[in-house]
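The exercises below are worked through one step at a time. Look over the sequence and the model before reading each solution.

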Amino acid sequence: MAWPDIFQRGTLLSRFSHHHVVVFLLTFFSYSLLHASRKTFSNVKVSISKQWTPSAFNKSIELPVEIWSSNHLFPSAEEATLFLGTLDTIFLFSYAVGLFISGIVGDRLNLRWVLSFGMCSSALVVFVFGTLTEWLRFYNKGLYCCLWIVNGLLQSTGWPCVVAVMGNWFGKAGRGVVFGLWSACASVGNILGACLASSVLQYGYEYAFLVTAAVQFAGGIIIFFGLLVSPEEIGLPGIEAEENFEEDSHRPLINGADNEDESEPNYSIQEDDTASQVKAISFYQACCLPGVIPFICLDVSGALAREWK
């Protein structure tokens with residue numbers, strides 16, 4: 001590796017303060033916790049299927065046949081499995097719709113509030129879905145569907161908010177390295193969800209939902225009190241100001257073109273005015289960007305494959 005590259009990377013690392021590290025970790029683990037709660041549902045499907053079928057085929061609980069026959073949802077495990085797949089489908093559809101809505105809401109409200117609200121509310125929905133209904137022995141298909149639709153909408157607040165916060169703190173220089181490390185949050189969340197669910201699954205699937213919901217709710221509280229949305233909140237210069245300063249610092253002080261245009265002192269002002277007049281693109285224009293549609297298709301197909309396997 002050449003010496004200029006080493007020097008450049010050292011300069012890049014020296015720019016990151018402890019605030020950058022805190023933002024990186026908070027956004028990383030907030031999205032990991034959201035993925036952990038999704039993974040819990042996938043890990044306990046077999047236990048849920050057994051719990052929703054008649055006691056004649058179920059040895060995991062000790063209830064009189066009369067009581068269980070009046071509460072069971074499905075006559076066989078196959079129909080219970082089919083319903084669980086339906087829950088996965090409606091969750092993904094509501095999640096996809098919620099991503100578009102959450103992006104609009106996040107642009108108009110404080111990102112910390114939206115992310116914290118989404119995490120805490122989703123944790124409450126997961127608790128009601130998997131824990132409270134089992135404790136009360138209340139089994140209802142319509143209730144499960146409504147709760148999982150709401151959960152998909154609430155979970156969709158995570159991705160747009162954490163990406164926006166990361167974009168506010170980390171500029172173009174080194175963004176590939178930073179986001180390359182940060183993008184492991186989904187995989188870490190899947191591992192965490194599997195570990196949390198497996199640690200208490202022997203006591204009943206409702207405790208798997210209880211643990212993940214409690215951890216996610218606590219994470220939402222930490223996000224509300226600890227996350228800084230942008231450097232401007234603590235008086236630091238924003239990313240755009242730093243990038244403009246870097247461009248000016250690398251621009252030659254004297255050259256032929258500048259000497260010829262000395263009579264135009266408003267050059268930098270006009271450039272700043274032009275940059276400030278840039279408007280957000282529409283939804284159709286965003287879809288027309290190169291690589292957007294293939295990435296959406298790849299992401300949806302990967303999510304379907306993970307949930308249906």
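Two residues are in contact when they have heavy atoms within 4.5 Å of each other. Among contacts in the protein between residues at least 6 apart in sequence, 80% join residues at least 24 apart. The model is predicted, so local features need pLDDT of at least 70 and side-chain atom pairs count only at pLDDT 80 or more, while totals for chains, interfaces and linings use all residues. Residues are numbered from 1 along each chain as its sequence is written, and side-chain values use heavy atoms, with hydrogens and water left out.

**Exercise 1. Find how many helices and strands the protein has, and what share of its residues is buried.**

Step 1. Helices (H or I, at least four residues) and strands (E, at least two) are DSSP runs, numbered from the N terminus. The protein has 16 helices and zero strands.

Step 2. Buried means under 20% relative accessible area, exposed over 50%, and partly exposed in between, with a 1.4 Å probe and protein chains only. Of the 309 residues in the protein, 36% are buried.

**Exercise 2. List the salt bridges and state where the partners lie.**

Step 1. A salt bridge is a side-chain nitrogen of Lys or Arg within 4 Å of a carboxyl oxygen of Asp or Glu. The structure holds three of them.

Step 2. Lys45 and Asp88 form a salt bridge, at 2.3 Å from N to O. Lys45 belongs to helix 3 (residues 45–51) and Asp88 to helix 5 (residues 77–108), so this pair links distant parts of the chain, 43 residues apart. Both Lys45 and Asp88 are buried.

Step 3. Arg112 and Glu233 form another salt bridge, with the closest N and O atoms 3.8 Å apart. Arg112 is in helix 6 (residues 111–135) and Glu233 in the loop between helix 11 (205–226) and helix 12 (239–250), so the pair ties together parts that are 121 residues apart in sequence. Arg112 is buried, because its relative accessible area is 15%, whereas Glu233 counts as partly exposed at 38%.

Step 4. Glu134 and Arg137 also meet in a salt bridge, at 2.6 Å from N to O. Glu134 has 2% relative accessibility and so counts as buried. Arg137 has a relative accessible area of 34% and is therefore partly exposed.

**Exercise 3. Describe the backbone of Arg137 and its place in the chain.**

Step 1. Arg137 sits in the loop between helix 6 and helix 7 (141–155).

Step 2. The phi angle of Arg137 is positive, about 55°, although Arg137 is not a glycine.

**Exercise 4. Describe how helix 11 packs against helix 10 and helix 2.**

Step 1. Two packed helices are described by the angle between their axes and the distance between the axes. Axes are lines fitted to C-alpha atoms, for helices over the stretch in contact, and angles run from 0 to 180 degrees between N-to-C directions.

Step 2. The axes of helix 10 and helix 11 cross at roughly 135° and come within 8 Å. Angles under 35 degrees count as roughly parallel, over 145 as roughly antiparallel, 65 to 115 as roughly perpendicular and the rest as oblique. Helix 10 is therefore oblique to helix 11. Residues making the contact include Leu196, Ala197 and Val200 of helix 10 and Tyr207 and Ala208 of helix 11.

Step 3. Helix 2 (residues 18–43) and helix 11 pack at about 160°, with axes 10 Å apart, so helix 2 is roughly antiparallel to helix 11. Among the residues that meet are Leu26 and Ser30 in helix 2 and Phe209 and Thr212 in helix 11.

**Exercise 5. Is Ser230 buried or exposed, and which residues is Ser230 in contact with?**

Step 1. Ser230 is found in the loop between helix 11 and helix 12.

Step 2. At 15% relative accessibility, Ser230 counts as buried.

Step 3. Neighbours within four places in sequence are left aside, and Ser230 is then in contact with Asn168 and Trp169.
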